[in-house]
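Biologist: Please show me the model, and then we can go through it by question and answer.

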Amino acid sequence: MTRSTIKIPTPLRAFAGGLREVAVDGDTVGAAMQELVRQHAGLARHLYAADGRLRSFVTLYLNDQDVRYLAREATPLRDGDVVSIVPAIAGGSTGAGPALPMLTLASAPPPGSSALPTDELRRYSRHLLLPEVGLAGQKRLRAAKVLLVGAGGLGSPAALYLAAAGVGEIGLVDFDTVDLSNLQRQVLYTTGDVGQPKLKVAKARIEALNPGVRVVAHEERLSSANALDVLRPYDVVVDGTDNFPTRYLVNDACVLLGKPNVYGSIYRFEGQVSVFDARRGPCYRCLYPEPPPPDLVPSCAEAGVLGVLPGLIGVLQATEAVKLLLGTGEPLLGRLLLYDALAMQFRELKLNRNPECVLCSPRATQKGLIDYAAFCGVPDGGAGTGLGIPEITPEALRDELAGPDPPLVIDVREPNEWEIGHLDAARLIPRRHLAERVDELTRARALVLYCRSGDRSARATRFLLDLGFSNVRNLKGGINAWADRVDPRVPKY
Ligand SMILES: [Zn+2]
């Protein structure tokens, strides 16, 4: 019997006893995966559909090869092989291949023109010393236009370094205001900026760093209606979004417009980076044809993220953007870089073009943008609430708790969040333990579930409704709304 190791990604570890990797016996990838599911039954529904087939958003690698391009689950294993489950997180061929053509900039630098102004020669002197950049490269950067989708954890470091490097025009898409909880990682903003529109602050910060940079603020949510117009003027798009609908939207718009998409994503302690360019490699959909179900991969707002992680991933994205603009080096085309901050490990997986890709293959069936919220199963275009789930407002819960027949209040967050603060009346049952502890709940008594902001508890409410609980409601806005509207002594976070 062949012995191999299966690497478990962070979102699935909760269903594998917290393990990072599991040793399994099995002569093929499929047999090894079956053995994994036998050892950890909780993984089954995340990995396999009801008909027993692997779910389409589960991508398996044998060592650094995508098994879809080997023999899929029939791919034979040898002792010591490593099988990686690579999930999509809130997202070829290089090396031996021919040299890549240089990116054509939307507005090319004037040919054979004179040197840069004196102050720019000083500012960029360390670039000018590099033969790979030099005067010609610096002029290309100055003529270039880069769009950053999202001015948050990834967009902040990317924007700062692209501005410092002398990229002539930086577009920013965001519609948020600065929140105190952003400052742990979003280094564009300072404490005094809390409450201000992000783009107003970002523009001032970038122009202070480098007055030679033009900042174009797109203060709107990117949508199927505006994405093509917003992206069209730019040479390179840097995807720093935090949700799947926008990620697929950015990918699809880039494919349709023929633009490179510098992809970065983060989850707790892990990041992914790649460069998608359908003209010369795979696109995001080649890697993940479909998004994971909305409750499998929580957002950073739900799951947390190490503050320095987006710093590193955003700088990697900025590095790839600069390389693309300069036409130098080996871009991360057809390669997925995985970073694990806890292990301090980088791994690289090969990405292939999917010959069946609905978007970028010769057999593409999708010719335009679609409804991405529906595609990703998030009807509100982001928040997971509003799925026809019964809700209760903080004020109404306060009144019911003071009444003759108070509901049982269940806190579905994690113990570390419970420690920050909780409702006096609540009992802690983390959502991931709800299935096994459901017997502690009585169907006779009214139940109210809450989490931080209402998303996770909405899904937990849905779970209990599906089990036949009829009198269960979700606390609208979570404990943060309770703190705002009922009890200011409860800390918000
Ligand atoms: Zn594709």
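Modeller: This is a predicted model.

Biologist: Is R72 buried, partly exposed or exposed?

Modeller: A residue needs 20 or more other C-beta atoms within 10 Å to be buried, and 12 or fewer to be exposed. R72 has 14 other C-beta atoms within 10 Å, so R72 is partly exposed.

Biologist: R268 also has a positive phi although it is not a glycine. Where is R268 placed, and is R268 buried, partly exposed or exposed?

Modeller: The phi of R268 is about 55°. R268 sits in the loop between strand 10 (261-267) and strand 11 (270-276). Because R268 has 17 C-beta neighbours inside 10 Å, it counts as partly exposed.

Biologist: Strand 11 also holds G271. Is G271 buried or exposed?

Modeller: Leaving out residues up to four places away in sequence, G271 touches G264, S265, I266, L309, L312, I313 and Y339. G271 has 26 C-beta neighbours inside 10 Å, so G271 counts as buried.

Biologist: How far apart in space are G271 and L434, C-alpha to C-alpha?

Modeller: In sequence, G271 and L434 are 163 residues apart. In space, their C-alpha to C-alpha separation is 28 Å.

Biologist: How far apart in space are N243 and R431, C-alpha to C-alpha?

Modeller: N243 lies in the loop between strand 9 and helix 10 (244-257). With 22 C-beta neighbours inside 10 Å, N243 counts as buried. N243 and R431 are 188 residues apart in sequence, and their C-alpha to C-alpha separation in space is 21 Å.

Biologist: Now helix 7 (residues 155-165). How many of its 11 residues are buried?

Modeller: The buried residues of helix 7 are G155, S156, P157, A158, A159, L160, L162, A163 and A165. What covers them includes helix 6 (134-143), strand 6 (145-149), strand 7 (169-173), helix 8 (198-209), strand 9 (236-239) and helix 13 (309-326). Helix 7 is thus mostly covered, and the number buried is 9.

Biologist: Which residue just after helix 7 takes a positive phi?

Modeller: The phi in question is about 95°. The residue that takes it, just after helix 7, is G166.

Biologist: Which residues of helix 6 are buried?

Modeller: The cover over the buried residues of helix 6 includes helix 5 (125-128), helix 7 and helix 13. The buried residues themselves are G137, Q138, K139, R140 and L141.

Biologist: At what angle do helix 7 and helix 8 pack?

Modeller: Two packed helices are described by the angle between their axes and the distance between the axes. The axes of helix 7 and helix 8 are 9 Å apart, and the crossing is right-handed. The angle is about 35°.

Biologist: Which residues make this contact, and how do they divide by class?

Modeller: Helix 7 contributes A159, L160, A163 and A164, and helix 8 contributes A202, I206 and L209. By class, the residues of this contact are 7 nonpolar, no polar and no charged.

Biologist: Which residues touch the most other members of the largest nonpolar core?

Modeller: That core has 98 residues. The largest share of the core, 9 residues, comes from helix 13. Both domain 1 (3-87) and domain 2 (144-375) give residues to the core, so it lies between them. The residues that touch the most other members are V146 and A159.

Biologist: Setting aside neighbours within four places in sequence, which residues is A159 in contact with?

Modeller: A159 is a buried residue of helix 7. Beyond those sequence neighbours, its contacts are L148, A151, I170, L172, L188, A202 and I206.

Biologist: How many residues of domain 1 are in contact with domain 2, and how do they divide by class?

Modeller: The C-alpha centres of domain 1 and domain 2 lie 28 Å apart. In the contact, 13 residues of domain 1 meet 15 residues of domain 2. On the domain 1 side, helix 1 (10-13), strand 3 (58-62), strand 4 (65-66) and strand 5 (82-87) each supply at least two residues. By class, that side has 6 nonpolar, 5 polar and 2 charged residues.

Conventions
Residues are numbered from 1 along each chain as its sequence is written. This is a predicted model: local features need pLDDT of at least 70, side-chain atom pairs count only at pLDDT 80 or more; totals for chains, interfaces and linings use all residues. Helices (H or I, at least four residues) and strands (E, at least two) are DSSP runs, numbered from the N terminus. Two residues are in contact if their C-beta atoms, placed from the backbone, lie within 7 Å. A nonpolar core is a set of buried Ala, Val, Leu, Ile, Met, Phe, Trp, Tyr and Cys residues joined through C-beta atoms within 7 Å. Domain bounds come from an automatic or database domain assignment. Axes are lines fitted to C-alpha atoms, for helices over the stretch in contact, and angles run from 0 to 180 degrees between N-to-C directions. A crossing is left-handed if the near helix is turned anticlockwise from the far one by less than a right angle, and right-handed if clockwise. Ala, Val, Leu, Ile, Met, Phe, Trp, Tyr, Cys and Pro count as nonpolar, Asp, Glu, Lys and Arg as charged, and the others, Gly among them, as polar.
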